Amino acid sequence: MIVISTSFVKYNAMKARVIDVRNSEGRILLSTICHAGKTLFHTGHRIDGDDVQMLQSEALGDVWVAELEEGEIGEDEAVMQVASQIGCGSLEVRPAAGGRANVFATEASCVLVDADLLKQTNAINGLVIATSRNFSYARAGQRVSTVKSTPFVVARTQLASVLSLLAEKGPILQARPIHTAEVGVVFTDPEGGLRASQLFETIMGQRLERLGALAAFSQICMEQEEALAGALQQLLQSRPAVILVASTTAPAGPYDSVGRAMLRAGCQIEHFLAPVEPGTLLLLGYKDDVPILSAPGCFRSAKPNVLDLVLPPMLAKYRLSSWDIASLGHGGLLE
């Protein structure tokens, strides 16, 4: 015996009616159909020609279906239109069942998200978008966003509002690729730098490897302004993606030995103090387009800290601003 579950809530303005199964091709089922203890079709299934023949062979005469009203669009088409417009960079859009489209990174990337635009878009009824966290690292093949609609249909006016907003202010999402970034490292401590190297090198290498990067260039020096400035100048000649200053002491600000060395090497200080715990004593500067970063204590720990938040965008050659660092406070309590 065929059982039809008729649990249904009407969404938007679509028409629901019982129809002869012979005329049901292309329509959306509003009931789950079971036979011999097995589910043949779930609510929301779009009936094709083979389905019609199978249902007729099971002696089913009528089905309960949805018909699009004027001014409506099917859920699958709606989410694919939105998903194709929300992002740029190394992204691929794939349809999924039940009025959903997923967006995947096609290569190792840093995910950039316009949080304000995402909120504006999600405030429009009919469609919602979820993304990975801003500045997060995404491996190749990882899902970084999903778009979901109301069941079965979306009002064309709602879809048009979303697409118009994206056209005006988009994209919401960007995947900036990370291509085996080469990092420069200064190991430094008051006794000459060897202790810093012993403390930090292994964990630092593991963290960089997870992000598709490697410590290709390194210097060991005493934590003293002139020596540090010389080490930074040596590393800058190699044009690394980022320079990390791995020191054993905590900066007291841009004018301690690390900060003075950065200034002496021609660096512009961008920001001191991050609203992230662990990692509040972050010091970030730039020499031209090369970021130089000090985050005392964070290089020693494998636990999540400010390095995991700021390294992905740096490795993807995104220039972090003082405002970007200030924005890390929401979600910045990592432990």
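## Helix 3

The buried residues of helix 3 are covered by elements that include strand 11, strand 12 and helix 4 (156-169). Buried stands for under 20% relative accessible area, exposed for over 50% and partly exposed for values in between, with a 1.4 Å probe and protein chains only. Helices (H or I, at least four residues) and strands (E, at least two) are DSSP runs, numbered from the N terminus. Contact, the basis for the covering elements, means heavy atoms within 4.5 Å. The model is predicted: local features need pLDDT of at least 70 and side-chain atom pairs count only at pLDDT 80 or more, while totals for chains, interfaces and linings use all residues. Residues are numbered from 1 along each chain as its sequence is written, and side-chain values use heavy atoms, with hydrogens and water left out.

Helix 3 spans residues 115-122, and Leu117, Leu118 and Thr121 are buried in it. Viewed down the helix axis, these buried residues fall within an arc of 105 degrees, so they line one face of helix 3; the arc is taken from the directions from the helix axis to the C-beta atoms. Asp116 and Lys119, on the other side of helix 3, are exposed. The N-terminal end of helix 3 is capped by Asp114, with a side-chain oxygen 3.3 Å from the backbone nitrogen of Asp116. A polar contact here is a pair of N or O atoms within 3.5 Å; within protein, one must be able to donate a hydrogen and the other to accept it, and residues adjacent in sequence count only if both atoms are side-chain atoms.

Axes are lines fitted to C-alpha atoms, for helices over the stretch in contact, and angles run from 0 to 180 degrees between N-to-C directions. Strand 12 pairs with strand 14 (residues 143-149) in the antiparallel sense over 5 bridges, where pairing requires at least two DSSP bridges between two strands. Thr131 has Ser145 of strand 14 as its bridge partner.

Another open sheet, with mixed pairing, is formed by 4 strands in the order 8-16-11-13. The twist from one strand to the next averages 30 degrees. Within it, strand 11 and strand 16 (residues 173-177) are antiparallel partners over 5 bridges, and Ser109 has Pro177 of strand 16 as its bridge partner.

## Nonpolar cores

A nonpolar core is a set of buried Ala, Val, Leu, Ile, Met, Phe, Trp, Tyr and Cys residues joined through side-chain atoms within 4.5 Å. The largest one has 38 residues, of which Leu244, Val310 and Leu315 touch the most other members. At least two residues of this core come from each of strand 11 (109-113), strand 17 (181-189), helix 5 (194-210), strand 19 (242-247), strand 21 (283-287) and helix 8 (306-315). Helix 8 supplies the largest share, 7 residues.

Beyond its neighbours within four places in sequence, Leu315 contacts Ile178, Ala181, Val183, Leu211, Ala213 and Val242. Another core, of 26 residues, lies apart from the largest one and includes Val103, Ile124, Val147 and Val154.

## Helix 7

Helix 7 (residues 257-264) has Ser257, Val258, Gly259, Ala261 and Met262 buried. Their cover includes helix 6 (225-236), strand 19, strand 20 (268-272), strand 21 and strand 22 (290-294). Asp256 caps the N-terminal end of helix 7, a side-chain oxygen lying 3.2 Å from the backbone nitrogen of Val258. After helix 7 comes Gly266, with a positive phi near 90 degrees.
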